[in-house]
Amino acid sequence: MPDYLLTEDQRDCLQEITNVAMGQAGSHLARLLDVFVVLSIPHVSVLNPTDIAMALQSLNRENHNDIVHGVCQGFIGGGIAGEAMLIFHETDFNDLARLLKYDKVPDEQAQYELLMDTANVLNGACLRGLAEQLDTHFSFGPPMLLGQHCNITDLLQNNNMKWKQALVVEINYAIEDHKINCDLLLVIAEHSISGLTEKLDYLLD
């Protein structure tokens, strides 16, 4: 499924509304944690699972052997279905635990809870903002752990992706003065792209 299935106008429109939605999610996180959240500009592309692994490996870091932690959450509504993947890298769990006011040292179980809590906040705020602009409503599946302390290729294989190609919107979140960094990927499966482009065309008219 090549890039031309999304016109330049549709791509720009998707980038703009995603920028707004992710900005809302970043603001929500900033207010919740009383921190400054640094956001990248959303990048829209058509990728297969191998492309995604390569994109993640090169995203904002030089070390291709980065240890990562991932959380995945499905969403569906208005003829659109996809997955929000939150990939944590260069993240200090002690730092995250202090920000989220956990009163215990983050062991494996506490790390799992921290990942889920952060994913719930970011995924929920971003997808609600996106749905609002598309004039639709998304239902969410439960967040699921993709993997802890693994490399990105293993993490994606663990997810057992059921699509060959997908529309992927990626953005990086970092918290200033803290060792917390994550990439949010909205992965919209090939069978849902027509539902999305219909809504984008309506916004463009």
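## Largest cavity

The lining of the largest cavity holds 10 nonpolar residues, 2 polar residues and no charged residue, where Ala, Val, Leu, Ile, Met, Phe, Trp, Tyr, Cys and Pro count as nonpolar, Asp, Glu, Lys and Arg as charged, and the others, Gly among them, as polar. This is a predicted model, in which local features need pLDDT of at least 70 and side-chain atom pairs count only at pLDDT 80 or more, while totals for chains, interfaces and linings use all residues. Residues are numbered from 1 along each chain as its sequence is written, and side-chain values use heavy atoms, with hydrogens and water left out.

The volume of the largest cavity is about 80 Å³, and a search of the whole structure finds 2 cavities of 30 Å³ or more. A cavity here is a set of points, on a 1 Å grid over the protein atoms alone, where a 1.4 Å probe fits but cannot get out, and lining residues have an atom within 4 Å of a point; grid points are joined across faces, edges and corners, and a volume is the space filled by probe spheres set on the points. The residues that line the largest cavity are L29, L33, V37, L96, T118, L122, Y173, A174, I175, I180, N181 and C182. At least two lining residues come from each of α1 (8-33), α4 (108-133), β7 (166-175) and β8 (181-189), and β7 gives the largest share, 3 residues.

## Chain layout

The chain has 6 helices and 8 strands, helices (H or I, at least four residues) and strands (E, at least two) being DSSP runs numbered from the N terminus. The order of the elements from the N terminus on is α-β-β-α-β-β-α-α-β-β-α-β-β-α.

Of the 205 residues in the chain, 53% are buried, where buried means under 20% relative accessible area, exposed over 50%, and partly exposed in between (1.4 Å probe, protein chains only). Among contacts (heavy atoms within 4.5 Å) between residues at least 6 apart in sequence, 76% join residues at least 24 apart.

Helix α1 has 26 residues and reaches 37 Å from its first C-alpha to its last, close to the 38 Å expected at 1.5 Å a residue; the expected span is 1.5 Å times one less than the number of residues.

After α1 comes D34, whose phi is positive, near 55 degrees.

D95 sits in helix α3 (residues 93-99) and counts as buried because its relative accessibility is 10%. Leaving aside neighbours within four places in sequence, D95 is in contact with H178, K179 and I180.

D177, in the loop between β7 and β8, has a positive phi of about 65 degrees although it is not a glycine. With a relative accessibility of 74%, D177 counts as exposed.

## Cysteines

The count of disulfides, each defined as a pair of cysteine sulfur atoms within 2.5 Å, comes to 0. C72 is buried at 6% relative accessibility, and C182, one of the residues lining the largest cavity, is buried at 3%.

Note on methods. On a 1 Å grid over the protein atoms alone, a cavity is a set of points where a 1.4 Å probe fits but cannot get out, and a pocket is an open set with protein on both sides within 12 Å along at least five of seven lines; lining residues have an atom within 4 Å of a point.
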